[in-house]
Amino acid sequence: MPGIDEEHPVYGPFFGVMGAASAIIFSALGAAYGTAKSGTGIAAMSVMRPELIMKSIIPVVMAGIIAIYGLVVAVLIAGSIKIPEEYPLYKGFVHLGAGLAVGFSGLAAGFAIGIVGDAGVRGTAQQPRLFVGMILILIFAEVLGLYGLIVAIFLYAK
């Protein structure tokens with residue numbers, strides 16, 4: 001069993017824990033912003049067109065998926081953190097990078113989903129043909145978070 005040395009310092013697991021925390025914190029912040037911003041658009045739109053409420057929930061669902069990406073990476077990282085003697089510093093740095101990758105990309109995706117969702121549902125209430133365009137833009141915003149998840153999984157596997 002390796003001991004505490006330059007390769008396995010006592011503070012090594014700190015970076016892994018920060019990676020797990022960053023993954024869930026930043027992706028949840030993005031999801032919360034996307035949900036709140038889209039929700040205000042849905043509330044404003046539903047006054048004029050209450051029959052479109054269920055159709056307009058799509059941005060909120062897509063924002064929630066962003067938080068799931070962060071949760072998956074955070075659970076993976078947290079499950080592999082060990083005592084300092086068995087957790088190399090390299091692994092801690094890689095886990096921090098994985099958490100930051102999914103967290104910040106989730107934050108950016110959540111912001112994009114919120115802004116597009118808000119404007120999209122309000123616009124769709126006035127012109128129903130905007131719906132397909134809104135969905136396409138939301139997909140492109142969502143895929144930003146997916147890119148972060150892919151990078152995080154590649155980093156985690158190193």
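Tutor: The expected span of a helix is 1.5 Å times one less than its number of residues. The model here is predicted.

Student: What should the 23 residues of helix α2 span, and how far apart are its end C-alpha atoms?
Tutor: Helix α2 covers residues 58-80. At 1.5 Å a residue, its 23 residues should span 33 Å. That agrees with the model, where the end C-alpha atoms are 34 Å apart.

Student: Which elements do the buried residues of α2 pack against?
Tutor: Buried positions in α2 include Pro59, Met62, Ala63, Ile66, Tyr69 and Val73. The buried residues of this helix pack against α1 (12-48), α3 (89-126) and α4 (130-156).

Student: Which residues touch the most other members of the largest nonpolar core?
Tutor: That core has 26 residues. Elements giving two or more residues to the core are α1, α2, α3 and α4. The residues touching the most other members are Ile66, Val73, Val102, Ile113, Met134 and Leu138.

Student: Is Ala141 buried or exposed?
Tutor: Ala141 sits in helix α4. Leaving aside neighbours within four places in sequence, Ala141 is in contact with Ala109, Ala112 and Ile113. Buried means under 20% relative accessible area. Ala141 has 6% relative accessibility, so Ala141 counts as buried.

Student: How many salt bridges does a search of the whole structure find?
Tutor: One of them joins the side chains of Glu51 and Arg49, at 2.7 Å from N to O. Glu51 is exposed at 55% relative accessibility, and Arg49 is partly exposed at 25%. The search of the whole structure finds 3.

Student: Which residue in helix α1 pairs with Asp118?
Tutor: Asp118 is in helix α3, and the pair links distant parts of the chain, 81 residues apart. Asp118 counts as buried at 10% relative accessibility. The side chains meet in a salt bridge of 3.7 Å, N to O, and the partner is Lys37.

Student: Which residues do salt bridges that share partners join into one network?
Tutor: Asp118 also forms a salt bridge with Arg122, with the closest N and O atoms 2.7 Å apart. Asp118 and Arg122 are 4 residues apart in helix α3, so about one helical turn separates them. Shared partners join these salt bridges into one network of Lys37, Asp118 and Arg122.

Student: Where does UniProt place the "V-ATPase proteolipid subunit C-like" domain feature?
Tutor: The UniProt entry is unreviewed. UniProt places the feature at residues 18-77 and 96-155.

Technical notes:
Residues are numbered from 1 along each chain as its sequence is written. This is a predicted model: local features need pLDDT of at least 70, side-chain atom pairs count only at pLDDT 80 or more; totals for chains, interfaces and linings use all residues. Side-chain values use heavy atoms; hydrogens and water are left out. UniProt positions are given in the numbering used here, feature names are shortened, and annotations may be inferred rather than shown by experiment. Buried means under 20% relative accessible area, exposed over 50%, partly exposed in between (1.4 Å probe, protein chains only). Contact means heavy atoms within 4.5 Å. A nonpolar core is a set of buried Ala, Val, Leu, Ile, Met, Phe, Trp, Tyr and Cys residues joined through side-chain atoms within 4.5 Å. A salt bridge is a side-chain nitrogen of Lys or Arg within 4 Å of a carboxyl oxygen of Asp or Glu.
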